Amino acid sequence: MNVLILNGPNLNLLGKREPDIYGHETLADIENAIRHRAFDKGVGTDFLQTNHEGVMLDRIHEARGRFDAIVINPAAWSHTSVALLDALKAFEGQVVEVHLSNIHTREAFRHHSYVSARAEAVIAGMGSFGYLAAIDFLAR
Ligand code: DQA
């Protein structure tokens, strides 16, 4: 199984950005932990973080037929992007949506995610462990 792990806008600042909400680990720390977990489970991985929505859409299009699943933290695009939802609908594999924070206990505008309508599973509020749980779920 091959899994593409996608992280959306501002997640390159993890560790520095609002650490009380998002924790002290950097995105590189989190990606390393995912890589190890996936290796243990015999799962192949590839990673992208981007602050550019079109780059994210292109990468999802390219994933068609190449990856069995996508694990995505769409960050702020969760709450705004029908284009992201449509791109994920065009992907045939499984989709797991991950949020570090529990979006449902935060501002009302974070309570709705367009991506959730396409996701097999949604994980929120587990911090970086959410990505590992997503790998375990896909590899089960
Ligand atoms: C987030 C939650 C979003 O509301 C926010 O815009 C993010 C990160 C999370 O991981 O908790 O950038 O997706």
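I began with strands β1 (residues 2–7) and β3 (residues 69–73), which pair in the parallel sense over 5 bridges. Two strands pair if DSSP finds at least two bridges between them; helices (H or I, at least four residues) and strands (E, at least two) are DSSP runs, numbered from the N terminus. I noted that Val3 has Ala69 of β3 as its bridge partner.

The model is predicted: local features need pLDDT of at least 70, side-chain atom pairs count only at pLDDT 80 or more, and totals for chains, interfaces and linings use all residues. Residues are numbered from 1 along each chain as its sequence is written, and side-chain values use heavy atoms, with hydrogens and water left out.

Next I looked up the whole sheet. It is open, with 5 strands in the order β2-β1-β3-β4-β5 and parallel pairing. β2 (44–49) and β5 (121–124) are at the edges with a single partner strand each, so one side of each has no neighbour in the sheet. On average, neighbouring strands are turned by 15° against each other, direction ignored.

Then I checked the helices on the sheet. Helix α2 (residues 27–40) packs on the sheet and touches β1 and β2 (contact: heavy atoms within 4.5 Å); its direction makes about 165° with that of β2. Axes are lines fitted to C-alpha atoms, for helices over the stretch in contact, and angles run from 0 to 180 degrees between N-to-C directions. Helix α3 (residues 53–63) also packs on the sheet, touching β1, β2 and β3, and its direction makes about 170° with that of β1.

Last, I looked at α3 against helix α4 (residues 82–89): their axes come within 9 Å and cross at roughly 10°. That makes α3 roughly parallel to α4 (angles under 35 degrees). Glu53, Met56, Leu57, Ile60 and His61 of α3 meet Ala83, Leu84, Ala87 and Leu88 of α4 in this contact.

Note on methods
Parallel < 35°, antiparallel > 145°, perpendicular 65-115°, else oblique.
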